[in-house]
Amino acid sequence: AFAGIAFIAAYLVNISWLKNSSRYLVIFIIILLIATLIIGTERNGAKRWINLYFMMLQPSEFAKIVAVIYISEVMTKKGERVQLLKDLLSICVVVVSIVGLIAIEDLGTATIICGTAMLMLLLGGMKKKYLLYLAPLAVAAFCVMVFMPGKGYRIARLQSFMEPCSPEYRYETGLQQCRAQVALSIGGTTGV
């Protein structure tokens, strides 16, 4: 029901209004992300949701959409000028702000937003030399987030991804991947 309502709302929304309000959407989503860190509900060791009592709201999911809308709007307005470093920096500041707030609790969503932003910039005509500036920063930020104190489970997830069926991870972080490998090895692509 909620998805149906969201579909109708998205169909009826005026694109020019959406483009003109992208900055306000960014401010709103940043406020929501900060509120999540302060008053959010913790589940499975992560504080990603705001309890609205009739439903649980996960602002990081809306942040994905807002980031795409904002980058699209800036790139559309700037046109060829998006190739200038100062225009790229304005996009990076917004993306880093959103990603920084999300990465504290949800590294996966933060990585998706970073990857999407990078792809949009590349397809939008960003100079390839800027990729040389952004790539090392992205790798450094990823390493900092993975090895962040108190987030040891992130390292365990990376290790369990490499060896999901090892006795150490088989029944914990590697459970789903290990079961998937077993299912494929028994049934192949067509199953049993």
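Predicted model: local features only at pLDDT ≥ 70, side-chain atom pairs only at ≥ 80, totals over all residues.
View 1. The C-alpha trace spans about 55 × 45 × 40 Å along its principal axes. Of the 192 residues, 31% are buried. The accessible surface comes to about 12,500 Å². Carbon and sulfur atoms account for 69% of that surface.

**View 2. Order of helices and strands.** The protein chain holds 9 helices and 3 strands. Along the sequence they follow the pattern α-α-α-β-β-β-α-α-α-α-α-α.

**View 3. The open antiparallel sheet.** Three strands line up in the order β1-β2-β3, with antiparallel pairing. β1 (41–43) and β3 (56–57) are the edge strands, and each pairs on one side only. Strand β2 (residues 46–51) is joined to β3 by 2 bridges. I50 has L57 of β3 as its bridge partner. In general, strands of a sheet pair through backbone hydrogen bonds.

**View 4. Helix α3 against the sheet.** Helix α3 (residues 22–39) packs on the sheet. The helix touches β1, β2 and β3. Its direction makes about 105° with that of β2.

**View 5. A nonpolar surface patch that includes F7.** F7, I8, Y11 and L12 make a nonpolar surface patch of about 540 Å². F7 lies in helix α1 (residues 2–12). F7 counts as exposed because its relative accessibility is 59%, and the cut-off for exposed is over 50%.

Methods:
Residues numbered from 1 in each chain as written. Heavy atoms only, no water. Pairing = 2+ DSSP bridges. Helix = DSSP H or I, 4+ residues; strand = E, 2+ residues; numbered from the N terminus. Contact = heavy atoms within 4.5 Å. Axes fitted to C-alpha atoms, helices over the stretch in contact; angles between N-to-C directions. Patch = residues over 30% accessible without salt bridge, like charges linked within 9 Å, V, L, I, M, F, W, Y side chains within 5 Å. Areas by Shrake-Rupley, 256 points an atom, 1.4 Å probe, with all protein chains shown as cover. Salt bridge = Lys/Arg side-chain N within 4 Å of Asp/Glu carboxyl O. Buried < 20%, exposed > 50% of the residue type's maximum accessible area, 1.4 Å probe, protein only.
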